[in-house]
Amino acid sequence: MSNPVIVVHYHEVWLKGRNRRFFLGKLSTALRQALQGIPVVRIEKPGDRFVVTLGDSAPQQEAMARVERVFGIAFYALARTVERNMEAICQAAWEESESLRFESFAVRAKRSDKSFLQSSMEIESVVGRYLLEKLKAAGRTVKVRLKDPEATCYVEITSGPALVYARKIPGAGGLPANTAGRIMCLLSGGYDSAVAAYHMMKRGAHLSFAHFYGSGAKPGESSLHVASALARQLVPYQFHAKLYRIPFEPIQREIVRYAPENYRVLLYRRMMLRIAEVLAKRDRALALITGDSLGQVASQTLRNLIAVDSAARMVVFRPLIGTDKMEILATARKIGTYDISSEPFHDCCPIFLPRMPALYASGEELDEAESKLDVPALVTQGLRSTTLEQFHYQGAEIKSEVFPALQYRASRNIATA
Ligand code: ATP
Ligand code: MG
């Protein structure tokens, strides 16, 4: 028997002109990286698809689970490879369909190699008739239904072998990893920012993460381990990532001491953006991401978001701005961050929470509210105490390494209010 293969179909939309080679190269790299540690004989590209030939001993379900998280894939399937003759194709179609439960089915054929004698329609009708007879002979009540069949058996005639499969799985969609540039994501321990990160990774961005944590909590109780677990959960989408960890309580204390109470949360956010921006530059990231959703909490009214942004020089993307919490939570469940974010942790923001937070601040008001603070010194203080955790995807396991405080000199580039 020939080795099992995974057939991978990608989205056509992003295959524009000269970009084609670039995107397909990145997708091929992503497939290789995703399958690290699993025996792969080769990855080929006959026609508009990738065919991954697994080694004899390869754990097939594990390989399929890895491909599930590769962005840029429209659908994929474990397929049988057979010689390019109708007899072998019919036999494989039967073996594929035999164990599936369905009452209606169709055969879909695609002939990428036009030198094959039969047309797609001919293949469909020959294989369809063969299956119908075999299924009926086996006592099954089935009929052919071309529109909305319960099961579909696919036949693809490539320049190499013929591929036959009946269990097609929707892929992760989006664009291949690391095709859209770098962005810095402000990652709290909550649900939203991890989902925001996922959306941008899905568009091909490579993310670094910045997490601000309260230093007052006991070890294991701060949000640090939650942020770390979230980053770890997201790493398989992009294969490596940096998580910058910034102790935030000393900065919050200064804000509490020197700024009006009702602006506190907004000023926390401005400090987060400023520090994240310097770290972004360090990583050559060109923009920032947050998990804000319009009107979700007081700090996320339209005016407050704009007032917060006036402290940033980089563009701040908010991929969840127009989504409901229910939609966000559904995505969090899908990508496996929900349970991590549900863990109790000591969030830095609620401490010193104002009784009456401002709902309609302006940039000028926040500038004024910060006037007694030495903003550049606070940014530098944050950067000096920042530690770095680096994650590397290595197939079945994700390695991480923590580096001690990064040393920064006061930077002239720091945005001051
Ligand atoms: P999430 O929004 O992720 O559920 P949250 O509800 O605790 O977490 P919000 O108060 O809604 O956070 O904060 C809005 C956004 O600000 C977050 O999505 C995140 O991008 C950023 N943010 C808040 N707190 C932190 C933090 N401690 N570290 C890094 N970013 C943060
Ligand atoms: Mg939120």
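Residues are classed here as buried when their relative accessible area is under 20%, as exposed when it is over 50%, and as partly exposed in between (1.4 Å probe, protein chains only). The structure is a predicted model, in which local features need pLDDT of at least 70 and side-chain atom pairs count only at pLDDT 80 or more, while totals for chains, interfaces and linings use all residues. Residues are numbered from 1 along each chain as its sequence is written, chains are lettered from A and ligands numbered from 1 in the order in which they are written, and side-chain values use heavy atoms, with hydrogens and water left out.

Arg 270 is buried, with a relative accessible area of 0%. Its side chain takes part in a salt bridge with Asp 367, in which the closest N and O atoms are 2.6 Å apart. Because Asp 367 belongs to helix H12 (residues 363–369) and Arg 270 to helix H8 (residues 264–282), this pair ties together parts that are 97 residues apart in sequence. Asp 367 is partly exposed, at 31% relative accessibility. A salt bridge is taken as a side-chain nitrogen of Lys or Arg within 4 Å of a carboxyl oxygen of Asp or Glu, and helices (H or I, at least four residues) and strands (E, at least two) are DSSP runs numbered from the N terminus.

In total, the structure holds 19 salt bridges. Within helix H7 (residues 249–258), Glu 249 and Arg 253 are four residues apart and are therefore separated by about one helical turn; their side chains meet in a salt bridge of 3.0 Å, N to O. An α-helix has 3.6 residues a turn, so residues three or four places apart point the same way. Glu 249 is buried, at 9% relative accessible area, whereas Arg 253 is partly exposed, at 48%. Another salt bridge joins Asp 309 and Arg 318 (2.8 Å, N to O). Here the acidic residue, Asp 309, is partly exposed at 23% relative accessibility, and Arg 318 is buried at 15%. A network of salt bridges links Arg 80, Glu 95, Glu 96 and Arg 167.

Helix H5 comprises 12 residues (191–202) and reaches 17 Å from its first C-alpha to its last, close to the 16 Å expected at 1.5 Å a residue; the expected span is 1.5 Å times one less than the number of residues. Nine of the 12 residues of H5 are buried, among them Asp 192, Tyr 198, Met 200 and Met 201. The elements covering these buried residues include strands E10 (182–186) and E11 (206–213) and helices H6 (224–238) and H10 (325–335). H5 is followed by Gly 204, which has a positive phi, near 90°.

The protein donors of the magnesium ion (ligand 2) are Asp 192 (OD) and Gln 296 (OE1), at 2.2 to 2.3 Å from the ion. Asp 192 is buried at 9% relative accessibility, while Gln 296 is partly exposed at 29%. Donors are N, O and S atoms within 2.8 Å of the metal (3.2 Å for Na, K and Ca); water is not among the atoms, so sites may look incomplete.

The loop between E13 and helix H9 (302–309) also holds Leu 294, which is partly exposed at 48% relative accessibility.

Key: Contact means heavy atoms within 4.5 Å.
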